Amino acid sequence: MEELENNSINGLIYYCKSMIEQIERLKKDSNYLTAIKTIAFVSMLLYYGEQHLDDIYLAFLKTNFVLCDTEISFLEKINEAIASCHSLKRKNLGEFFRHCPGTFYNVIAQKNLQTKKYKFQRTVYVLKTTPDEILLKSIIHQMNHVVNSIKKPILGNSYTESSRMGISLDSLNFRESEGLTVEETINELQLREMMTEVLKLSSYDIREQKINEVLRKCSSHESLFNNQTGNKKLDAIAKIVQPLYLDPNFKSLLIEKRLSGDLNAIQKEFDSKIYDDAYIYLLSFCELCNTSSVYEEDAKALVKSYLINSKKTI
Ligand SMILES: [Zn+2]
């Protein structure tokens, strides 16, 4: 039985690795990250299920990985990206990439004025001196944002078009963003679950040598699997959002609708148990949590109301 399981895990790894290699050949990328990307791919596939294989494949296909040899060149690339990116009015940018050491994700949406269609340029910048196990965790984090933005990357009408990253929206005309803090929190909560898949993988006898090596490094670094992001704001919000995230009803809806880009369905479910626009309030309170503890209490109260009313309707 054990041997059979071992063979099927090795088969799955071989299958995902060949897809990553095919993408790398197509894009003329180096094979420097093949092992790490493969583990990220497998852990996401185990987490989301094979019905989402296409979303994961497309996320890797549509993302460019730029390798930086030194910290200086990495920071230069980030600064260039910030300077050239329209959507980077985000004040809290620096704060967010501290909990994803060694990587930086940037997306640029450009509209073709004739066809009215958007073209996306998604880039993950990678600092090569980052240890493999830390890089793996950061790449899963970034790619999970991408997997959850492949479908319906633009939402709204021509007046209020927004670029979507998971459950967060970045208005393209008004330079406003919504839900970024909760998006980061949900992404981190999912990352913890995906790291459990990584830990499981490391208990098998993996035949691909480099992949085996990275998995060994992961399993010997317990800190990779703890539940802290290293970012005080996100850790505080994770505590508020987690009970909602763990509600089985809400969780399955959130996972599927975040993938499909049907954000209205998430809002509708939350609002239906409390009051209209309660979901928008929750997103705003979480955004403001670090400015006053009042907002933290308000956010907690909304989550509590949802959970109580949700139980009543079952
Ligand atoms: Zn993030």
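Where in the chain is the place of Lys-116? In this predicted model, Lys-116 sits in the loop between strand S2 (103–111) and strand S3 (118–127). The hairpin of S2 and S3 has six residues between the strands. Within that hairpin, Lys-116 takes a positive phi near 65 degrees. The residue is not a glycine. Lys-116 has 9 C-beta neighbours inside 10 Å and therefore counts as exposed.

A positive phi also occurs at Lys-28, again in a residue that is not a glycine. The value there is about 55 degrees. Lys-28 belongs to the loop between helix H1 (2–26) and helix H2 (34–48). Is Lys-28 buried or exposed? Lys-28 counts as exposed, because 6 C-beta neighbours lie inside 10 Å and the cut-off for exposure is 12 or fewer.

S1 pairs with S3 in the parallel sense, over six bridges. Cys-68 stands opposite Leu-127 of S3. S2 and S3 run antiparallel and are joined by nine bridges. Here Thr-103 has Val-126 in S3 as its bridge partner.

A further open sheet is built from four strands, in the order S4-S5-S6-S7. Its pairing is antiparallel. The edges are strand S4 (154–155) and strand S7 (177–178), and each of them pairs on one side only. Two bridges link S4 to strand S5 (residues 162–165), in the antiparallel sense. Ile-154 faces Ser-163 in S5.

Pro-153 is found in the loop between helix H6 (132–147) and S4. How exposed is Pro-153? Pro-153 has 18 other C-beta atoms within 10 Å. A buried residue needs 20 or more and an exposed one 12 or fewer, so Pro-153 is partly exposed. Leaving aside residues up to four places away in sequence, Pro-153 touches Phe-120, Ser-163 and Arg-164. Ser-163 is also the residue opposite Ile-154. Pro-153 and Leu-12 are 141 residues apart along the chain, and 29 Å separate their C-alpha atoms.

Attention now turns to the nonpolar interior. In soluble globular proteins, nonpolar side chains tend to be buried together. The largest nonpolar core of this model holds 43 residues. Those that touch the most other members are Ile-36, Ile-39, Ala-40, Phe-41, Met-44 and Leu-136. H2 gives the most to this core, with nine residues. Which residues does Ile-36 touch, not counting those up to four places away in sequence? The contacts are Asp-132, Leu-135, Leu-136, Ile-139 and Val-214. Another core, of 24 residues, lies apart from the largest one. Among its members are Ile-167, Ile-240, Leu-254 and Val-303.

At the level of domains, the assignment divides the chain into domain 1 (2–230) and domain 2 (231–314). Their centres, taken over C-alpha atoms, are separated by 24 Å. How many residues does the contact take from each domain? Domain 1 gives 24 residues and domain 2 gives 18 residues. On the domain 1 side, the elements that give two or more residues are helix H5 (93–98) and helix H7 (180–201). H7 supplies the largest share of that side, seven residues. By residue class, the domain 1 side divides into five nonpolar, 10 polar and nine charged residues.

Notes
Residues are numbered from 1 along each chain as its sequence is written. This is a predicted model: local features need pLDDT of at least 70, side-chain atom pairs count only at pLDDT 80 or more; totals for chains, interfaces and linings use all residues. Two strands pair if DSSP finds at least two bridges between them. Domain bounds come from an automatic or database domain assignment. Two residues are in contact if their C-beta atoms, placed from the backbone, lie within 7 Å. Ala, Val, Leu, Ile, Met, Phe, Trp, Tyr, Cys and Pro count as nonpolar, Asp, Glu, Lys and Arg as charged, and the others, Gly among them, as polar. A nonpolar core is a set of buried Ala, Val, Leu, Ile, Met, Phe, Trp, Tyr and Cys residues joined through C-beta atoms within 7 Å.
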